[in-house]
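Here are some notes for your review. Please read them with the model open.

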Amino acid sequence: MSAEQKQYMISTKDDWGNSIVHLAAQTGDVAMMKLLVDDNIPLYEKNFIGSDILNISRINRHIELFAFLIQFITPSYQMLQDSMTNGEHEVSTLIRERILKVQPWIIAIEENDTHLARTLLLKPEAHEMNNTHFSALEYALSKKRKDIVNLILNDEKVVISIASIELAIINGY
């Protein structure tokens, strides 16, 4: 696909702000979504009513697509609660399995939850490399979570590697 075709595909939206990835999520088209992922089409945009593709696939009960998407998008705790409340057992099981593979501090950073991050980041394992290959500081920097970055940098109890400090300085902290 040419760069122009890709840009057109990404920028074209319907009246509700749905892009091609939203439409693939609505129809449950796993093959199309795999092609879009392989072509590096952005997956994280929300439509005009605030729904992302993970939520759209969940609401439309496209379990196979949902299972595929959570490899790339970390579901929120709110989505887990909603799926449990709504009796979506397959979805809630998939979310729990995905969350168990992700360290809790990653979810705190994803959700930009400084209160939870403050609690979790005091644990030594938060500052070690993990399956994301980032320390907590590096991950917070990559997600542009200024409050959490400042929390980590200003905590006297937190041991930070020189490489992480250099990265923070490069990013203007």
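Predicted model: local features only at pLDDT ≥ 70, side-chain atom pairs only at ≥ 80, totals over all residues.

1. The buried face. Helix 3 spans residues 30–38, and its buried residues are V30, M33, L36 and V37. Viewed down the axis of helix 3, these buried residues fall within an arc of 120 degrees, so they line one face of the helix.

2. Several helices contribute to covering the buried residues of helix 3. They include helix 1 (3–11), helix 2 (20–27), helix 4 (53–59) and helix 5 (63–69).

3. Packing against helix 2. The axes of helix 2 and helix 3 lie 8 Å apart, at an angle of about 155 degrees. Angles over 145 degrees count as roughly antiparallel, so helix 2 is roughly antiparallel to helix 3. The crossing of helix 2 past helix 3 is left-handed. Helix 2 makes the contact through I20, V21, A24 and A25, and helix 3 through M32, M33 and L36. Of these, M33 and L36 are also buried residues of helix 3.

4. The two ends. At the start of helix 3, D29 places a side-chain oxygen within 3.3 Å of the backbone nitrogen of A31. After helix 3 comes N40, with a positive phi near 60 degrees.

Note on methods: Residues numbered from 1 in each chain as written. Heavy atoms only, no water. Buried < 20%, exposed > 50% of the residue type's maximum accessible area, 1.4 Å probe, protein only. Helix = DSSP H or I, 4+ residues; strand = E, 2+ residues; numbered from the N terminus. Arc of directions from axis to C-beta. Contact = heavy atoms within 4.5 Å. Polar contact = N/O pair within 3.5 Å; in protein donor to acceptor, adjacent residues only side chain to side chain. Axes fitted to C-alpha atoms, helices over the stretch in contact; angles between N-to-C directions. Parallel < 35°, antiparallel > 145°, perpendicular 65-115°, else oblique. Left-handed = near helix turned anticlockwise from the far one by under 90°.
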